[in-house]
Amino acid sequence: FDDNDKEHELQKQQSAAEVKKDEYLKSVELLKKLIQKNGTKDDLTRIIAIGYLIETTDFLNISPDKKELIKENMIWCNKKYEKYLDI
């Protein structure tokens, strides 16, 4: 039964990692649309790069440095989102 428990726990972790990744990608896509309407080319370039970073990251086995990089970029995204909502 231990193997079943471990497999079940791994599946739960994988599912949670996929949900987090999907949430981030949806947020990035929403911001990308706002930036395309009202933003700068530099902001658009950065949001595309952030989207690529998230798409290529294994959220289940994420390294601490990559986790911090994504966190910093999502903070930037939140600030830009607020900025573009006010326009």
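Reader: What volume does the largest pocket have?
Author: The largest pocket has a volume of about 190 Å³, the volume being the space filled by probe spheres set on grid points joined across faces, edges and corners. This is a predicted model, in which local features need pLDDT of at least 70 and side-chain atom pairs pLDDT 80 or more, while totals for chains, interfaces and linings use all residues. Residues are numbered from 1 along each chain, and side-chain values use heavy atoms, without hydrogens and water.

Reader: What makes a residue part of the lining, and which helix gives the most?
Author: A pocket is an open set of points on a 1 Å grid where a 1.4 Å probe fits, with protein on both sides within 12 Å along at least five of seven lines; lining residues have an atom within 4 Å of a point. Among them are Tyr-24, Phe-59 and Lys-67. Helix α3 gives the most, with five residues; helices are DSSP runs (H or I) of at least four residues, numbered from the N terminus.

Reader: Why are α2 and α3 called oblique?
Author: Their axes, lines fitted to C-alpha atoms over the stretch in contact, come within 11 Å and cross at roughly 140°. Angles under 35 degrees count as roughly parallel, over 145 as roughly antiparallel, 65 to 115 as roughly perpendicular and the rest as oblique, so α2 and α3 are oblique to each other.

Key. Helices (H or I, at least four residues) and strands (E, at least two) are DSSP runs, numbered from the N terminus. Axes are lines fitted to C-alpha atoms, for helices over the stretch in contact, and angles run from 0 to 180 degrees between N-to-C directions.
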